[in-house]
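Welcome to this short tour.

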Amino acid sequence: TTWLTMPSPRTQVTPERMVRLQAAAEAQGRSVEQVVGELVDEYLSRPDVRKSIETLDALKPEPIASHDSEQPYDGQPKVEVDAGELKKVLKRLAAVLHDVPTPQHVRITSPGGRATLTAVAYDAELTIALSQARTFGDFNLIVLHELLSAATKNLTGSFTIMADGTLQSGGFSSKLACVDSNAGVLRVHDVLPPLTSITVDLAEIKEQYRRVGNAVAAADGKFRVSCALLESTATDFRLVAADSVRLAISSIPANLGEFRFVIPRPALERLNGMNGKRLSIAETEIHFVFSTELETMTYGKSKGEFPPYHRVPPRSHEGWTKVVADAGVLASALTRLRPHAPQRDGARRVRFTIADGVLRLDAIEVIRTADDDVSRVTASESVKAFVNGRPVCLPLDMERLLPFLQQVRGVFEFYVRDGVSVVDCFAADGYRFLLMPMRGDQYTTPKACSLVFPDDEPGFATVGVTD
């Protein structure tokens with residue numbers, strides 16, 4: 001029976017060996033299972049086998065202690081947090097506190113057993129939950145953002161924050177100066193009942209802002225407010241941005257009801273940094289409230305009105321010249337022309353000549369010598385395109401056109417009528433961009449024609465053609 005006790009290929013039970021095993025069992029008047037069990041016991045009782053088993057048992061990992069046995073709750077409110085996650089949250093909160101004069105405070109609380117950090121500015125409030133934290137008891141602590149950031153700068157792994165502001169991590173302990181939670185140094189915004197509430201995909205609205213963000217008008221401190229329009233109709237959900245010379249529209253097919261939210265640019269920028277899958281947007285009388293699974297941002301509503309952008313796009317393109325080109329190729333050509341295009345007041349003028357299946361780009365720089373002589377230096381690029389219509393020549397600002405082209409993948413089409421009317425561009429996935437040509441025959445003036453808005457809209461000129 002020794003052939004059954006060796007841990008080698010010889011122990012494989014072949015049909016021949018099974019026949020021999022059955023014959024041996026019948027000769028002894030026992031079953032096959034009894035014979036095999038006796039052989040296994042004999043094998044396991046060998047000294048060398050017992051030593052191998054003891055060695056394997058010693059290598060087994062220790063069982064993970066349960067939460068209660070690892071750190072039983074002693075009745076003192078505290079929060080166990082992950083240092084890496086806390087540092088990321090503090091960095092996010094620093095953006096909210098950027099314009100708040102020192103001292104800048106953050107509140108750590110545990111509503112519903114979930115640890116959250118809150119920062120409050122004049123017009124904004126941001127609350128972020130720590131997904132990896134564990135809470136013990138009711139926790140409410142206000143500390144200086146700067147002190148908490150400095151104290152946790154070199155910490156790694158998990159550590160504990162006690163209710164009195166003490167930080168504990170292994171043998172390390174540090175106490176932060178705390179503020180009485182009833183002292184009123186951190187007043188949260190009163191959130192009124194919502195007038196309108198919707199839920200959208202956060203990734204989609206981030207993509208929409210990525211497309212139109214460059215067209216959001218800059219605030220002038222007087223009449224113009226830096227904001228974008230979030231608009232919903234029976235068929236589309238749109239994010240719209242416009243300044244005096246360009247208009248960007250990103251549309252997604254959806255039926256979320258009809259509403260118009262004029263959202264300040266800082267709120268959109270912070271919304272772009274939020275984490276989660278679904279975004280809830282609630283409008284109250286004085287605030288917008290943006291919420292995901294782990295974050296809530298409250299932002300004050302703008303008192304400005306978004307201009308009636310519907311009057312800008314042409315009603316039809318009859319009689320216009322249609323051009324189809326590759327956005328990446330055109331963007332590369334404009335990028336190569338950038339060093340040769342004169343820059344004045346942030347604009348770079350490039351002349352577009354459309355004719356015979358070719359889109360010709362010319363950057364012309366006018367140079368005046370000390371003798372008052374004038375010379376022109378021209379750099380040119382040609383891009384193949386499909387052209388349907390009469391030839392057209394017009395000057396455009398490449399610095400305003402390039403951000404649109406960089407968001408487009410593959411081909412796009414645009415329509416031009418003459419050298420002064422709006423250029424109407426279309427890309428896939430509901431992306432539309434309109435740009436006014438620059439004014440003047442000579443490439444010496446950085447002024448541009450303006451989109452047409454009503455005369456009662458301060459800050460928007462009324463020069464241009466829209467039909």
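## Stop one: a phenylalanine and its surroundings

Select phenylalanine 426 and show its side chain: leaving out residues up to four places away in sequence, phenylalanine 426 touches His317, Phe412, Glu413, Tyr415, Tyr431 and Arg432. Keep in mind as you look around that this is a predicted model.

Is phenylalanine 426 buried, exposed or partly exposed? Its relative accessibility is 24%, so phenylalanine 426 counts as partly exposed, since buried would require under 20%.

## Stop two: the sheet

Now widen the selection to residues 423-427, the strand β27 that holds phenylalanine 426. Strand β27 belongs to an open sheet of nine strands, with antiparallel pairing, in the order β15-β12-β13-β14-β28-β27-β26-β19-β24. Colour β15 (259-264) and β24 (386-388) to see the edge strands, each of which pairs on one side only. On average, neighbouring strands in this sheet are turned by 15 degrees against each other, direction ignored.

Next, go to β19, residues 321-326, which runs antiparallel to β24 and is joined to β24 by three bridges. Select lysine 322 and you will find asparagine 388 of β24 standing opposite.

## Stop three: helices on the sheet

Which strands does helix α7 touch? Select residues 202-212: helix α7 packs on the sheet, touching β12 (227-232), β13 (236-242), β14 (246-253) and β28 (431-435). The direction of α7 makes about 160 degrees with that of β14.

Then select residues 327-337 for helix α9, which packs on the sheet against β19 and β26 (411-416). The direction of α9 makes about 85 degrees with that of β19.

## Stop four: two helices crossing

The crossing is left-handed. Show side chains for Ala327, Leu330, Ala331, Leu334 and Thr335 of α9, and for Met398, Leu401, Leu402 and Leu405 of α10, which make the contact. These residues divide into eight nonpolar, one polar and no charged.

## Last stop: the cores

Finally, select Phe290, Leu334, Phe352, Leu361 and Phe412, the residues that touch the most other members of the largest nonpolar core, which has 94 residues. Zoom in on phenylalanine 352: among its contacts beyond four places in sequence are Leu330, Leu334, Val392, Cys393 and Leu401. A second, separate core has 16 residues, including Leu229, Leu247, Trp320 and Val422.

How values were computed
Residues numbered from 1 in each chain as written. Predicted model: local features only at pLDDT ≥ 70, side-chain atom pairs only at ≥ 80, totals over all residues. Heavy atoms only, no water. Helix = DSSP H or I, 4+ residues; strand = E, 2+ residues; numbered from the N terminus. Buried < 20%, exposed > 50% of the residue type's maximum accessible area, 1.4 Å probe, protein only. Contact = heavy atoms within 4.5 Å. Pairing = 2+ DSSP bridges. Axes fitted to C-alpha atoms, helices over the stretch in contact; angles between N-to-C directions. Core = buried A, V, L, I, M, F, W, Y, C linked by side-chain atoms within 4.5 Å. Left-handed = near helix turned anticlockwise from the far one by under 90°. Nonpolar A, V, L, I, M, F, W, Y, C, P; charged D, E, K, R; others polar.
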